[in-house]
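Look at the model first, then follow the dialogue.

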Amino acid sequence: MSAGVGVDLENLWIRFGDFVAVRDANVNIKGGDFFSFLGPSGCGKTTILRAVSGFLDPSEGNVLIGGNNMQGIGPNKRPTALIFQNLALFPLMKVWENITFSMEIQGASARERRKRADELLDMIALPGQGDKLPSELSGGQKQRVAIARALCAEPDVLLLDEPLSALDLKLRQHMRTELREIQQRVGITFIYITHDQGEALTMSDDIAVMRAGVIDQIGDGKTIYNDPSTAFAASFVGENNVFRGKVSKIIGNEALISTNRSGELHARISTANQGKLQVGDDAMMFIRPEALSLAPTGTQGDHYVTAQVNHEEFEGNTYNIFTEGDGGKEIKISIPNLGQSFDDHTGQPITLEYDVSNAVVVPAGELASE
Amino acid sequence: MNPDKIIRYSIWIYLAIFFAYLLGPLIIMSATAFNSPGFPRMTPWECLTFDWFGALFRDERILNGIWNSVLVGIGTVIMSVSMGLAGALMLTQIWPKLRATYYTIIIAPILIPGVVLGISTLVFWDRINRMLGLGADSFLSNGLFLTIIGQSTFIASYCMLVLVARLQRYDMTLTEAALDLGATHAQAFRKVLMPFMFPAIASAGVLAFLASFENYNTTTFTFGEYPTLTIELAQKVRYGITPAISALAFMIVALTVFFALVNEANIKRKALIAEARKDATVGELAGKVEVPGFLSRNPAAIALIVLLIGTATVVGSAMAYSPDQCIAGVQEQKRLETERRIQELRDQRAKDAAEKSQQEGGAETQSTPKPSNNSGFGSVFAPGTLEGSDSDAGDAAPTDSGGNNSGFGNVFDPNALQNDDN
Amino acid sequence: MPGFLKEFFNRNGTLMGSIMLGLVLFWVIGLIILPQLSMLDFSFRPNLPPPEIGGPKDVYTLENYKYLIYGPEGGSQDYNAVDLAVFYRTLVAAVLVTLFNLAFCYPIAYYLGQTKGNHIRIFALMLIIPYWINEILRAFALRIIFGETGVFNTLLVGSGIFDTPFDFIRNDVALYAGLGYAYILLMIFPIYNVIESLDHNQIEAARDLGAPWWRIHWRVVIPYAKPGISSGCTMVFMLSAGALAAPQILGGPSSLWFTQLIYQQFNDNSDWPQGAAYAIVLLVTCILLVLAVMRLFKVNMGDIGK
């Protein structure tokens, strides 16, 4: 992959009056990467995107694109192109005029523009649709026109602000693949904003998880999923079961947690917190539903949990068991359906087993609300 | 009859009364433009004539007034649409705490009486003029400038309301998208915002021109040496009315209806095209869109064509038609009528005299002409002396005469003189 | 505020931002605020010939306001009965015209707002067309109708109801009809706009619950249409109180409108400060009246013009 233009955020603060929208963000996005900001709505991820595209001035800190400080450079002078959440296709212009708007600004002739539009329309698989109006296109088609319009400006960095959120599920999943393909074909840096962890995980090279203006963790999808560094990251990305407690003992990179309800449990300390977590600290332990399995009832040990089954669900590819958990939250166990026989456990006590490497300890913190 | 039916009938009766009130005066006024008497009236119908249109076009003051109105109108449209647009854009992005105050201020001119606006404009610019040490002939005390400024003060508020309604449906991210694609602010404004706003700007412009054209209250204080059409009309109407004004009114009504129909036909046509595009296949779009015939399913367009044919017929026949014979006929008839009355009167007198000789009293009351008889005494003096004026023109000055009986009106009638002016 | 300004220029660009700000400032300050203040200031000054303006005699005085109440100094009467009567009559008549228009226009606004069909567009067009005709010409049309040999008198006398022509002009019938006529549209459109957005199901529901038609209007439609009604009433009241053309053309010889007094002060007496004082009195009284009524019916200023 060609080395595209990187984007750096240095000590970036953005305030609106007393409200801090972005707090001391430091991000280093490599050229040619597909980079996602993942977080719930209102966490400041769109604000970061607007600061990168130039619609907002940072209160403090810098935005660097390709190593150049963008301070004082307006959105129309930056080598970025933004795909808006609502796409912002110009409703009165035909599709080909929309796509080549950036060329019109530069004074290109209609013939050149027409030619370029046809090329891009071929690329986005909408050949011959140039004379339609945006209102005459379907949602997915509009989506692709917006991408073509942004690409026509030949930006070094393409910024995407939740562009798939208006589409239905099927189309969304299809567009994920398509976006990733386009990114790999053109080889420029994509910065993608989403609250959908599925989108972030499937498309991104790297992900930044954001919460209330703060970047909690930056890493590739596997790291974020398997080795979260905060309680928020652990609970926001994918489903997770939480066990609250205190650190009672530290053994190298592992720890014993005396949990409020399930006794003393053994787990791995997440990489970012190794050496930082102390005995006596409030901590949270996370185990994914698929990392739990059924053990013979009554088995004892520091990687066994006993629980009362509330109810069960059959979801096709998995059996889900919901048990009474810790701190009001249920513990969910997913058992893959491999055609085995499965007993109904409703109302019974069961014992759950996990691998210590799959249980992650982080300092106690705010959880993502469902 | 069941209650539902009663309600339905009363709705239709109400609608009929409503539109009679709304349109009746205009129709009657228009009709008087084609009747020959010198005072605008519909009854009795004497002769169909087109002379009042000729009189209108020979009236220098009216023509000059139209010219001034157009000048003022153009200035006002430019000023109030641009101020209204700026005001509307500002409203969408002003500091929220200031918004209510700001809105109150820019909406206030609609509610301030036009008289007050006229006076304040006059007083303020007169003061500025004096502060700058300019003479009475500077452009600041020029009627054209003052009228445009005075009218724009409140017309801009109307424009602002029209524009803000459209602007609220504008997606601000479109401007951002244009900037993001490399456009300057001016380019984004011109290529994205303006095309979107264009329909509203056009209607604001039309509204501004019409409001300016018909404005009287403000202009009456500021016009100076540039009396607009409305000012000229007001002068004429206050000091005596002629069917030439009806002729002008008829033309304005006809033009209004014409443009309303053009607009309506156009809207319908666009809707039909949009409908056709929606059904069109990709191939049709790439090649040619078959626009449905201008007339099919478009009643406004049909009405428009009927109106045009009608106008052409009327104008054509007006060229060929001469009402002189009819007018002469009417005059002859009137003369005969008058003679008959005089004869009757004589007979009556003779009879009275005969009766009087027999029994006394009562003669005086009997000889008084019936008050309901409008063409009473006037006719006795009028037809021979005043050409073309009819016997009832005394109404022209009801405010002067106190509108009592129509008897002697003709002799003192200002209209008798006015007819010569025309 | 500088922060706000900086953001404003960032958002609109320096050139477009300056043009926009310049236009708005010119309009708001140069055309709206300063002229009104200037007129207020002027109304407190004596009427002086131009060379003496700014001279030693140019001091603030209440003379112009006193004149409205007490009449000319040394006058025969204690109060300026004529002008005060005209003022009072103008306000009362404007209120009556407003109420008449409301009663007359509400049904059609409701009908247009809640009925569907092609004929509604035609009705709307028929409503707008008279409004595009010159104000003077509309008054002129009514004068033709109400004249002594106008259509009404011809009908009334011809059918034998009256045996002499009725003087509609002297009796102010023509004037009130003309004022009502002039502002019909300003009453209809605000009400129509609101009623059009009223969900017809609400009315159906009320009917379904057995409410008679007048109660549906009283409890459902009118409360909903309140912003439009107040907007329409405010405009009609302010405009009819400030009307000049209709009273000049349709008014009887003895009945003046307050704006005509202002006009006389300006054009016939050349007493600008006096005219300005009368204008201020009219403006302030009207605004206070409107605000009082709006407070009474709990309506916001922001609803006006919607």
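Q: What should I know before reading any names?
A: This is a predicted model, in which local features need pLDDT of at least 70 and side-chain atom pairs count only at pLDDT 80 or more, while totals for chains, interfaces and linings use all residues. Residues are numbered from 1 along each chain as its sequence is written, and chains are lettered from A and ligands numbered from 1 in the order in which they are written.

Q: How many helices and strands does chain C have?
A: Helices (H or I, at least four residues) and strands (E, at least two) are DSSP runs, numbered from the N terminus. Chain C has 14 helices and zero strands. Read from the N terminus, its elements are α-α-α-α-α-α-α-α-α-α-α-α-α-α.

Q: What share of chain C is buried?
A: A residue is buried if 20 or more other C-beta atoms, placed from the backbone, lie within 10 Å of its own; it is exposed at 12 or fewer, and partly exposed in between. In chain C, 42% of the 306 residues are buried.

Q: What share of the contacts in chain C joins residues 24 or more positions apart?
A: Two residues are in contact if their C-beta atoms, placed from the backbone, lie within 7 Å. Among contacts in chain C with a separation of 6 or more, 70% join residues 24 or more positions apart.

Q: How is chain A divided into domains?
A: Domain bounds come from an automatic or database domain assignment. For chain A it gives domain 1 (7–226) and domain 2 (239–363). Taken over C-alpha atoms, the centres of these two domains of chain A are 38 Å apart.

Q: What is the strand order in the open sheet of chain A?
A: Strands of a sheet pair through backbone hydrogen bonds, either parallel or antiparallel. Here two strands pair if DSSP finds at least two bridges between them. The open sheet of five strands in chain A runs E15-E19-E16-E17-E18, with antiparallel pairing. Strand E15 (292–295) and strand E18 (331–336) of chain A are at the edges with a single partner strand each, so one side of each has no neighbour in the sheet. Inside chain A, strand E16 (residues 304–314) and strand E17 (residues 318–323) pair over five antiparallel bridges. A:Phe314 has A:Tyr319 in E17(A) as its bridge partner.

Q: Which residues of strand E6 of chain A lie on each side?
A: In a regular strand the side chains alternate between the two faces of the sheet. In strand E6 (residues 80–83) of chain A, A:Thr80 and A:Leu82 are on one side, A:Ala81 and A:Ile83 on the other, and all are buried. E6(A) pairs with strand E7 (residues 157–161) of chain A in the parallel sense, over four bridges.

Q: Which residues touch the most other members of the largest nonpolar core?
A: A nonpolar core is a set of buried Ala, Val, Leu, Ile, Met, Phe, Trp, Tyr and Cys residues joined through C-beta atoms within 7 Å. The largest has 258 residues, and A:Met285, B:Cys159, C:Phe140, C:Ile188, C:Ile191 and C:Ala279 touch the most other members. Helix H6 (residues 143–167) of chain B gives the most to this core, twelve residues.

Q: How many residues of chain C are in contact with chain B?
A: 77 residues of chain C contact 84 residues of chain B. On the chain C side, helix H2 (residues 14–43) of chain C gives the most, 15 residues.
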